[in-house]
Amino acid sequence: MKGKEDGGLSSTRRRTKSVIILILAIAAALWAFMPFYWALSTSLRSPLETFTVAGLGVPFVQFKPTLANWIDQLSIGETQRALVNSTIVAVFSTIIALILGIPAAYALARFRFFTIKNRDITVWFLSQRVLPPVVTVIPFFLMMRSARLLDTRTALILANATFILPFVVVIMRQTFADLPLELEESALVDGATHLSILRNISLPLAAPAIAATALIILAFTWNEFLFALTIGSRQAVTIPVHMAGAVDTRGVQFWFMAVRALVAMLPPTLLALFAQRYIVRGLTLGALKG
Amino acid sequence: MSQAEGGVRALWKSKIKFAFLIPAVVWVLIFTIFPLIYSLRMSFFNIRIGQGDVFIGLTNFARVFTNEQARSAALVTLKIVVVAVAVELVLGLALAVLFNRVMPARGLLRTILTMPLFATPIAIGYLFFTIFYEEGGLINGLIPWKVPWLSDPGLAALSISMVDIWQWTPFCFLVFLAALQGLSDELYEAAMIEASSGWQIFRYITLPLIQPTIVIVLLLRLAEALKLFDIPFSLTGGGPGTATQVYSLFTYRTGLRFFDLGFASALSYVMLVVVMIIVSFFFRHLRQIYD
């Protein structure tokens, strides 16, 4: 009844309301995007223009964009080495975490452990993830010093694989638990081994989740700073540490800082875009499905 | 729910389960538990590199509670985290409600909103340094005042909160949006027939239903935000003075810049206990999910 009474009026009102909602949503997206835009705009200016161009600094309108800063920064040997280091560390940490984590996740999803319950093992893995890194960084530093692994990529791979392993276990455990059992059971009846079932049935079915998990943990490893700062000083410098070094030695150079920020941020940001469907589950450690 | 699942779910018995599980367990023991024990031992000693360690009992822990810098580090961390997490939850929920409606380009706008999440924190810190910079920075270039974002102690802490809000509101938004989309339509239709206002529906139906999700997000954000290191390191360097020297940064400097390893270990253990108290609430909830 009430709805019919003011039908004509409410449709205009509803339209106004949806326009307002759209405007608010666009404002929120702009807020999220603004720093990326600012970095891009700054990176395309000459050093002088980073100070003289006012306000939003729209390329082509307020200044003529140049790639000089990009060419300058990317041609430095140090930048290239940091890019190589970051890539190697991220890829190898991810591989180790997947190789160790996937079978463990499968075991927790499909087998029953008796002395310690499955759920307690899972939560134990998870508790590693919430550990403040500053708690382990000092003993880890001393361990690596004794092992003569300071300033090596190996040390960074060991550290990062440890951080991301719980992610793999928790996310993949849920993925395996969600897979239908019938195929695996009938393969068991046919006499297949558990290892071949994991390899030939469960892994292919879980492939999309594995890919998404890999992207998320690659991004995490790429972004890691505290351990990289502590362990890598010259040879094993990663992109985040390289970024920090630039500021200490040369003061505030907006134009270079913008390039470096984008070089650092773009790979993880783009990788994560492909894993959108798994982000909620990944970041809440499997506590919530999204 | 989980019991019914347990009935259907086959849990196999075979020795191979140990071969699957143990490598991962051993790895974590070596690289996490061993350092933790090592660090606990150090916290009872006065460590002097090259001169041997002296056992000093709980002295390092006593210092944590009496040291002026430790106290100010704890307070500023708390201040930054409380402001940031409160705003993230409210803003994230508001955005989720907003995006839970049909609108043009929703997918694209949602994707853009998630971009801050995985952006390298250290890079973000330096980038926001240029955004907050007093002369020629983005914000002061757009507003008619010269706000001392990074040189005023209070504003510097607020700036760190603002960066954290920028990066982590999308996380709250995504989780809340997923929760809202999981609610049943029937409930809303029933509420519409009762002709409640939008606010009443939100207050008396939506909010209670997603309350468990809100609690999880709150605990996760608190545990995560207390680790705060990269942003203060890059945005303010802990300054001006020690105004934004957060707890992790102070611990890091104590241990790895001044090599007061015993004190740093005690500092980190106190932090560990605080974080563990927060996440134990979270784990209580999680155990049920993982059963």
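This is a predicted model: local features need pLDDT of at least 70, side-chain atom pairs count only at pLDDT 80 or more; totals for chains, interfaces and linings use all residues.
Residues are numbered from 1 along each chain as its sequence is written, chains are lettered from A and ligands numbered from 1 in the order in which they are written, and side-chain values use heavy atoms, with hydrogens and water left out.

**View 1**
The size of an interface is often given as the accessible area lost when the parts come together. Here the buried area is about 9600 Å², with 80% from carbon and sulfur atoms. Buried area is the accessible area (1.4 Å probe) that two parts lose on being put together, summed over both. On the chain A side, A:Trp31, A:Trp38 and A:Ile138 lose the most area to chain B, together 7% of what that side buries. Between the two chains there are zero salt bridges. A salt bridge is a side-chain nitrogen of Lys or Arg within 4 Å of a carboxyl oxygen of Asp or Glu. Polar contacts between chain A and chain B count 11 residue pairs, both residues at pLDDT 80 or more. A polar contact is a pair of N or O atoms within 3.5 Å; within protein, one must be able to donate a hydrogen and the other to accept it, and residues adjacent in sequence count only if both atoms are side-chain atoms.

Over all chains, the whole structure holds 32 aromatic pairs. Rings of Phe, Tyr and Trp (its six-membered ring) pair if their centres lie within 6.5 Å; planes under 30 degrees apart count as stacked, over 60 as edge-to-face and the rest as tilted. A:Phe36 and B:Trp166 form a tilted pair, because their planes stand at 45 degrees, with ring centres 5.8 Å apart. The pair crosses from helix 2 (residues 7-43) of chain A to helix 8 (residues 153-181) of chain B. Helices (H or I, at least four residues) and strands (E, at least two) are DSSP runs, numbered from the N terminus. A:Phe36 is buried at 5% relative accessible area, and B:Trp166 is buried at 3%. Buried means under 20% relative accessible area, exposed over 50%, partly exposed in between (1.4 Å probe, protein chains only). Ring pairs also join A:Phe33, A:Phe36, B:Phe128, B:Phe132, B:Trp149 and B:Trp166 into a cluster.

**View 2. An aromatic pair within chain A.**
The centres of A:Phe167 and A:Phe220 lie 4.9 Å apart, and their planes meet at 35 degrees, so the pair is tilted. A:Phe167 belongs to helix 8 (residues 153-178) and A:Phe220 to helix 10 (residues 194-223) of chain A, so the pair ties together parts 53 residues apart in sequence. A:Phe167 is buried, at 3% relative accessible area.

**View 3. Charges over rings.**
The charged end of B:Lys17 sits over the ring of A:Phe113, 5.1 Å from its centre. B:Arg63 lies over the face of B:Phe263, 4.0 Å from the ring centre. A charge sits over a ring if NZ of Lys or CZ of Arg is within 6 Å of the ring centre and within 35 degrees of the ring normal.

Seven salt bridges are found over all chains. B:Arg221 and B:Asp164 meet in a salt bridge at 3.0 Å, N to O. B:Arg221 lies in helix 10 (residues 198-225) and B:Asp164 in helix 8 of chain B, 57 residues apart. B:Arg221 is buried at 2% relative accessibility, as is B:Asp164 at 6%. Salt bridges link B:Glu88, B:Asp164 and B:Arg221 in a network.

B:Arg41 and B:Asp53 form a salt bridge, with the closest N and O atoms 3.6 Å apart. B:Arg41 is in helix 2 (residues 16-42) and B:Asp53 in strand 2 (residues 52-55) of chain B, so the pair ties together parts 12 residues apart in sequence. B:Arg41 is partly exposed at 39%, and B:Asp53 is partly exposed at 35%. In the bridge of B:Glu68 with B:Arg71, the closest N and O atoms are 3.9 Å apart. Both lie in helix 4 (residues 68-99) of chain B, three residues apart, about one turn of the helix. B:Glu68 is exposed at 54%, whereas B:Arg71 is partly exposed at 44%.
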